[in-house]
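Have a look first, then we'll take the terms one by one.

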Amino acid sequence: PDSNPASDRTLKLPSDGDGTILTTNSSVGKILQVVTTSVANSTTTGSISVPVTTSPTSDSYGELTHFALTITPTSATSKILISAHIFGEPTGSDLDYYFNISLKRVISGGSTVYIPPNDTSQNQPSVIQTFNVGIYVADQTSTPSKFSFANLMDEPNTTSAVTYTPVMRQTHTGTKTFYYNRTGSNTNQNDYERGKSFVTLMEVAA
């Protein structure tokens, strides 16, 4: 039997990278606020025009403004944890693998940057992700794809409002259309799915 009463036991608490003991009174690593896409916006269908990436250093994007979210950090040292899931299909053929996604960050009264920034030292576009492709050769307008990423950490270093917008480019030709939360043809049959897209922002105390 355990001869030590509960009052004599020592609870070993985890520490952060600097050796600071983390207790319930510590704010380090706490989620201070969460902002996410509304239910209505997450399921509404629509489309955007997506320009071709003629230059990897170009900041010409199609903006998914329907899923833009704004968060106002409570501290300039806070980090913003970003997750996103975008469901849809490009214009009527097997073009999914030409598309890529990034984020635009706009600080109210301040700067606009793209995440990740374009790398001027090389000819490859800088992206967060390309499509997880779905293709059915017999009907290429019935196979939606998705972009999905989680736990992207950003440090805007501000207490002003920060807006994050998913943005898209493609490396095919001309300007293409991306349909969100639906298939390309949107036929009213059970093989043509509707989807849900969302973005979630979490402020994490530093």
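Q: What makes the spot where Thr37 sits a loop between a strand and a helix?
A: Thr37 falls between strand E1 (31-36) and helix H1 (39-43). Helices (H or I, at least four residues) and strands (E, at least two) are DSSP runs, numbered from the N terminus. This is a predicted model, where local features need pLDDT of at least 70 and side-chain atom pairs count only at pLDDT 80 or more, while totals for chains, interfaces and linings use all residues. Residues are numbered from 1 along each chain as its sequence is written, and side-chain values use heavy atoms, with hydrogens and water left out.

Q: Why is Thr37 called buried?
A: Buried means under 20% relative accessible area, exposed over 50%, and partly exposed in between (1.4 Å probe, protein chains only). Thr37 has 10%, so it counts as buried.

Q: How do you know that the side chain of Thr37 reaches the backbone nitrogen of Val199?
A: The distance is 2.8 Å. A polar contact is a pair of N or O atoms within 3.5 Å; within protein, one must be able to donate a hydrogen and the other to accept it, and residues adjacent in sequence count only if both atoms are side-chain atoms.

Q: Which residues is Thr37 in contact with, leaving aside neighbours within four places in sequence?
A: They are Ser42, Phe67, Leu69, Ser197, Phe198 and Val199. Contact means heavy atoms within 4.5 Å.

Q: What makes strand E12 (residues 198-204) mostly covered?
A: Five of its seven residues are buried.

Q: How do you know that E1 and E12 pair?
A: Two strands pair if DSSP finds at least two bridges between them. E1 and E12 have five, in the antiparallel sense, so they pair. As one example, Gln33 has Glu203 in E12 as its bridge partner.

Q: What joins strand E5 (residues 79-90) to E12?
A: Seven bridges do, and the two strands run antiparallel. Here Ser83 is partnered with Thr200 of E12.

Q: Which residues form the covered face of strand E2 (residues 46-50)?
A: Gly46, Ile48 and Val50 do, while Ser47 and Ser49 make up the uncovered one. E2 is also joined to strand E11 (residues 176-180) by five antiparallel bridges, with Ser49 opposite Thr177.

Q: What is the predictor's confidence across the protein chain?
A: The average pLDDT (confidence in each residue, from 0 to 100) is 85, and 83% of the residues score at least 70. Over residues 6-23, though, the pLDDT is below 50.
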